[in-house]
Amino acid sequence: MSTSKTIAAVLFLITLVASCNAADNAATKPLAPAILIFGDSTVDTGNNNYHSETYFKVNHIPYGIDLQGKTEKGRFSNGKLYCDIVASKLHIKELVPPFLQPNLSNSEIMTGVSFASAGSGYDDQTMLTSKAIPVSYQPTMFKNYITRLKGIVGEKKAMEIINGAIVVISAGTNDFVLNYYGVSTRRHEYPKISDYQNFVLTRLENFVKELYTLGCRKISVAGLSPIGCLPIQMTSKFRRGIFRTCVKTENKDELLYNEKLQKLLLAIEASLPGSKIVYINVYDPMMDMFQNPTKHGFKETKKGCCGTGYFETGDLCNSQSKLCSNRSEYMFFDSIHPSFAAYNYIATSANSTIAKLLDA
């Protein structure tokens with residue numbers, strides 16, 4: 001081969017490698033600087049492990065059994081949660097750490113954490129039962145996070161990160177399960193479910209506005225799932241065995257709440273300059289999995305994978321519990337919480353909605 005041809009070949013290879021590297025970098029470049037998580041067990045990646053008062057902890061097997069390395073205990077599922085999957089799809093990180101985890105690295109702080117607490121809710125009275133970290137207190141944790149972030153990157157850069165971060169809020173289920181359908185304290189105060197919904201939504205509105213004052217601009221808020229289809233709810237209504245069905249009255253309540261929430265979020269966004277606030281539809285994907293299990297590869301949608309699947313969660317789902325071997329075929333991991341397979345579908349369904357925040 002002549003010298004000129006050799007040089008040309010080398011230059012072609014260099015160009016090809018550079019193009020491939022550029023494509024790889026573009027594919028893996030984070031689509032947002034950070035992800036910030038608030039809410040309950042659906043997005044608690046382990047904060048309750050470090051919160052001594054709470055009744056709800058899952059720092060034990062079989063929770064997290066399908067996570068790589070099996071060292072990330074604290075998630076109420078067999079694998080990643082919805083927020084982990086969203087963070088991965090945004091190329092931010094594979095697992096979102098809990099803010100209360102000791103010795104968090106600077107890089108973890110810079111790319112975001114979870115402030116959520118299993119058993120939490122918008123209604124502070126919910127925590128009388130669960131002893132979780134209230135949603136209303138999570139902004140205080142966020143303020144501590146902001147202080148540390150500023151110490152790492154400086155005030156200007158810190159606010160750029162927070163302004164550009166994707167915020168995920170997921171709560172509300174415990175308010176209804178613990179305060180209205182279960183213990184009837186709030187039901188005596190609000191005989192009409194619509195009035196209690198309005199109370200919870202007012203708390204949610206105040207929470208979102210507080211996050212805005214702290215610098216959050218790109219906010220997603222998850223609606224309620226069909227609570228009446230949770231295995232534990234079917235069990236509580238004495239629906240056992242093969243004829244277990246969803247509690248239709250509860251699902252009707254959730255649909256009404258979600259309709260109100262969507263309208264409220266539009267109003268909040270209109271009142272907060274520079275904000276982009278989107279509604280994450282959890283109800284329809286969950287109902288689709290329940291009604292069309294084979295479409296999603298599920299063989300069991302009416303009970304959890306752990307124990308009998310009818311009532312076990314938290315401490316009742318432990319190393320001594322019988323565990324299904326085909327976890328990807330179960331919609332629920334325990335009697336309340338979705339399996340990783342279910343969370344994956346929910347996150348995938350939410351992709352187009354999250355994309356709206358990226359364009360903001």
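Student: Where is the place of asparagine 103, between which helices?

Tutor: Asparagine 103 is in the loop between H2 and helix H3 (106–111). Helices here are DSSP runs of H or I with at least four residues, strands are runs of E with at least two, and both are numbered from the N terminus. The model is a predicted one, in which local features need pLDDT of at least 70, side-chain atom pairs count only at pLDDT 80 or more, and totals for chains, interfaces and linings use all residues. Residues are numbered from 1 along each chain as its sequence is written, and side-chain values use heavy atoms, with hydrogens and water left out.

Student: Why is asparagine 103 called exposed?

Tutor: The term requires a relative accessible area over 50%, whereas buried means under 20% and partly exposed in between, with a 1.4 Å probe and protein chains only. Asparagine 103 has 78%, and is therefore exposed. Its phi is near 60°, a positive value in a residue other than glycine.

Student: What makes lysine 131 count as partly exposed?

Tutor: Its relative accessibility is 32%, so lysine 131 belongs to the partly exposed class. Lysine 131 is found in the loop between helix H4 (126–130) and helix H5 (138–153), and its phi is near 60°, a positive value in a residue other than glycine.

Student: Which peptide bond is cis, and what is its omega?

Tutor: The bond from isoleucine 61 to proline 62 is cis, with omega near 15°. Proline 62 sits in the loop between strand S1 (35–39) and helix H2 (82–89).

Student: What makes a set of points a pocket, and when does a residue count as lining?

Tutor: On a 1 Å grid over the protein atoms alone, a pocket is an open set with protein on both sides within 12 Å along at least five of seven lines, whereas a cavity is a set where a 1.4 Å probe fits but cannot get out; lining residues have an atom within 4 Å of a point. The largest pocket is lined by 36 residues, with Thr173, Asn174, Leu230, Ile336 and His337 nearest its centre. The largest share of this lining, 6 residues, comes from H7.

Student: How is the lining of the largest pocket divided by class?

Tutor: There are 21 nonpolar, 13 polar and 2 charged residues. Ala, Val, Leu, Ile, Met, Phe, Trp, Tyr, Cys and Pro count as nonpolar, Asp, Glu, Lys and Arg as charged, and the others, Gly among them, as polar.

Student: Which elements each supply at least two residues to the lining of the second largest pocket?

Tutor: They are helix H11 (248–271), strand S4 (276–280) and helix H14 (351–358). By class, this lining has 5 nonpolar, 2 polar and 3 charged residues.
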